[in-house]
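Reader: I am new to this structure. Please walk me through it in short steps.

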Amino acid sequence: MRTAIRGIGVVGGFGTGVEALRGAVAGGRAVTSSSPETAGGSRETRRADTAALEAFVDRRALRRMDHISRLAILGACLALRDAGIDRPDERTGVALATGYGPTGTTFGFLDSFIDGGDPCSSPTLFSSSVHNAPAANLASVLGVTGPNLTVSQFEVSASSALFTALLWLDAGRVDRVLVGGVDEYGEVLGYCWERFFGAADASGCRPLDTRRQTALPGEGCAFLLLERTTGVPGGVGVIESVQMGRVGATAPQIPSDRLLILGADGHRRCAGGYLQLVPPGSVVTSFGHLWGSFPTATAFDAAAGAVLLQSGKTFAPPPGLEGSGPWRVPAAGEPLPAAGIGLLRVSSGGEYALTLMSLA
Amino acid sequence: MTPAAPVAVTGIGCICAAGGDLDAAMAALAAGSRAPHPPTRFDTGHPTRYPVFEIPAGFVPQDILDKHDLFLTTRFALAATRMSLADAGWDAPALRRLRVGVCLGTTVGCSMDIEGFYRQYRSGAHPGLETIERFLRSNPAAVVSRELGLDGPVQTVVNACSSGTDAIGIAASWIRAGACDVALAGGADELCRIIYNGFISLMITDEQPCRPFDRGRRGLNLGEGAAVLVLEGPAFAKARGARTRARVLGYGSACDAHHLTAPHPQGRGLRRAFAEALAAAGVAPPDVAFINAHGTGTPDNDRVEGQVLHDLFPHTPFVSTKGYTGHTLGAAGAIEAAFTVACLEAGSIPAGVGFAEADPDIPGAPPVAHLAVRGNVAISDSLAFGGNNAVLVFGCPEP
């Protein structure tokens with residue numbers, strides 16, 4: 001049994017859809033916006049626009065939908081369209097990761113009773129503030145009645161959701177899974193970001209810089225539509241496995257014959273974890289500068305990995321990656337290693353996740 | 001569908017308002033005792049002081065209670081984990097030599113419910129980040145794994161009120177797949193002002209102690225707690241001489257895809273979750289000795305769930321234990337799984353506390369007195385916000 005990638009759905013700071021992703025990855029271009037002025041100031045961000053959702057879903061169905069649910073629904077719609085599927089069948093499941101959940105709605109709910117007193121708490125905002133609201137709204141709008149899972153594990157959230165999605169497919173619980181990650185940016189997070197990290201480094205995001213904090217906040221949603229297959233997988237490739245563990249315990253078996261997409265995103269503290277884990281001589285790249293930093297960005301790395309598998313070649317590395325460690329950064333256009341790709345994500349809490357992808 | 005391989009439950013830890021451990025809680029259930037009261041850890045501006053089921057501070061070991069840099073939810077999870085490992089005969093050094101996964105459900109434990117910080121922020125002050133750092137440190141599965149120095153998959157399930165049930169079902173699949181040798185699975189949640197306000201705003205909170213399945217039920221009472229089950233492959237457990245308390249035979253889950261807070265009127269997702277769990281377990285409805293129902297005491301939940309239980313299990317007794325614990329949200333499925341195993345061991349189920357008068361809209365009712373049950377198989381089910389439904393099938397150990 002294989003787990004084939006049938007569709008890719010992405011909406012992030014680089015744009016909407018797999019073509020936008022392909023363009024961003026190939027060109028190394030980031031689309032930037034500026035966060036609103038907060039108590040902590042403003043900074044460059046990677047924001048996602050959900051306007052394209054109205055091409056898929058009746059506006060009335062979206063009337064009370066908050067930003068994070070719109071992101072999730074749009075990501076899922078795009079993945080289904082990419083796979084050529086109009087409506088998911090009853091053998092489809094959803095496994096969605098989120099690091100912070102619907103923060104905007106959570107703070108909206110707090111506003112409702114801070115402004116009006118406890119008896120004025122908003123039931124609508126409360127019910128939409130739970131972490132699984134985006135997955136539930138997605139299921140409701142698209143009619144997905146299979147297993148529906150939301151996980152929250154900060155930086156390894158998306159890997160953790162993928163880990164369980166693979167087991168669902170392997171056990172035959174479902175034939176297809178929409179698996180992905182979603183997180184949103186907002187004013188309060190912007191304030192926290194400023195307080196934690198201070199002013200942004202003017203040099204832009206340098207993913208593996210251990211001396212400077214160069215991460216830029218981002219948001220978005222990325223889904224893969226995975227499918228059980230007994231035949232030869234189609235053109236997008238397969239997910240082979242997900243390995244999770246703790247840095248410093250059993251060492252992960254990081255392959256030396258694959259291109260490693262590192263989840264490094266300019267957080268100084270996390271960069272050290274990659275330096276500790278990635279063997280010297282490995283071939284590495286990263287794309288975090290394109291969609292920014294947020295807990296479930298690994299879902300975007302997986303989508304980028306699928307795009308690379310489709311193209312068969314590597315693309316432009318991010319600025320500052322060359323020389324950041326004892327490894328090799330491939331040149332743009334270099335053929336992808338035959339063995340495929342590994343996605344490595346290290347969390348600030350010391351967990352790691354390694355996902356292996358290949359063409360067959 | 002081919003039945004799934006059973007997974008051994010070798011240890012259980014549980015903490016809730018009914019008791020500081022599983023034995024104490026089961027004694028409270030046997031005695032029919034409960035003592036909900038208005039919240040003491042926070043104030044509210046509601047004209048009615050809705051009762052809750054709080055855990056007394058004395059139930060939590062002091063060294064864990066003193067970890068003030070963690071959410072109370074996470075401290076409950078640590079307390080339940082410690083009990084479960086003692087029950088299973090494991091210690092941390094031995095576990096560090098294995099692949100050990102941690103899969104825990106929660107709601108509050110992952111939510112940025114940081115009212116004090118947010119009030120300051122709104123007022124134009126520049127609040128410090130201590131509350132945010134505490135939130136970032138408190139992910140329940142990560143903390144349990146980190147505190148014990150474990151190496152293996154970690155997953156915090158945030159499927160609202162079915163989280164604990166889902167976490168156990170998912171962790172059992174990890175064991176079956178060989179993804180880890182041992183899995184710590186369950187759920188944890190704490191009472192908090194924000195959730196309290198939220199449920200009151202939905203008008204599904206009872207001013208009185210809750211009355212699951214009763215004609216006069218008015219809603220739920222919130223509670224808090226945690227339960228953790230130690231799961232292992234049967235051969236692995238046998239090889240180390242562990243006592244198997246029960247077996248996870250099956251798990252199923254499905255989504256209503258209907259409404260954020262209301263169950264599907266015909267229980268569409270719940271029926272499907274039952275069907276999947278029974279098929280995975282390889283058992284038929286008549287094989288089921290009893291069901292520990294979700295039974296929140298809300299009019300909608302109990303009506304839909306009661307109808308589904310009657311349709312699928314017309315001769316099987318069911319009970320809701322939320323009358324003893326309150327609705328502990330992400331912990332509920334885990335606590336109820338622990339009770340289900342304990343009831344299987346005891347061969348009896350408690351009276352449905354709070355239930356007095358049958359509802360003509362619900363075919364079937366919980367027992368009004370302690371009820372002896374016969375059989376080797378029992379079920380615990382959960383419904384949740386988002387239309388999630390999850391079902392666990394437990395069996396007695398093999399003779």
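Reader: What mean pLDDT does chain B have?

Author: This is a predicted model, so confidence comes before anything else. In chain B, 100% of the residues reach a pLDDT of 70 or more. The mean pLDDT of chain B is 97.

Reader: What share of the contacts in chain A, between residues at least 6 apart in sequence, join residues at least 24 apart?

Author: Burial gives some background: 62% of the 360 residues of chain A count as buried. Now take the contacts between residues at least 6 apart in sequence. The share that joins residues at least 24 apart is 79%.

Reader: Is α2(A) largely enclosed or largely open?

Author: Helix α2 of chain A runs over residues 67–83. From first C-alpha to last it reaches 24 Å, close to the 24 Å expected. Just after it, G84(A) takes a positive phi of about 75°. Of its 17 residues, 16 are buried, so α2(A) is largely enclosed.

Reader: Which element gives the most to the largest nonpolar core?

Author: The largest nonpolar core has 255 residues. A303(A), L231(B) and A338(B) have the most contacts inside it. The top contributor gives 11 residues, and that element is α2(A).

Reader: Which residues does A338(B) touch?

Author: A338(B) is among those with the most contacts inside the core. Leave out residues up to four places away in sequence. Then A338(B) touches I12(B), C14(B), L22(B), A227(B) and L229(B).

Reader: How many charged residues are on the side of chain B that touches chain A?

Author: The contact takes 58 residues from chain A and 54 from chain B. Elements giving two or more residues to the chain B side include α5, β4, β8 and α11 of chain B. That side divides into 24 nonpolar and 23 polar residues, and the charged ones number seven.

Methods: Residues numbered from 1 in each chain as written. Chains lettered and ligands numbered in written order. Predicted model: local features only at pLDDT ≥ 70, side-chain atom pairs only at ≥ 80, totals over all residues. Helix = DSSP H or I, 4+ residues; strand = E, 2+ residues; numbered from the N terminus. Expected span 1.5 Å × (residues − 1). Buried ≥ 20, exposed ≤ 12 C-beta atoms within 10 Å, placed from the backbone. Contact = placed C-beta atoms within 7 Å. Nonpolar A, V, L, I, M, F, W, Y, C, P; charged D, E, K, R; others polar. pLDDT = per-residue confidence, 0-100. Core = buried A, V, L, I, M, F, W, Y, C linked by C-beta atoms within 7 Å.
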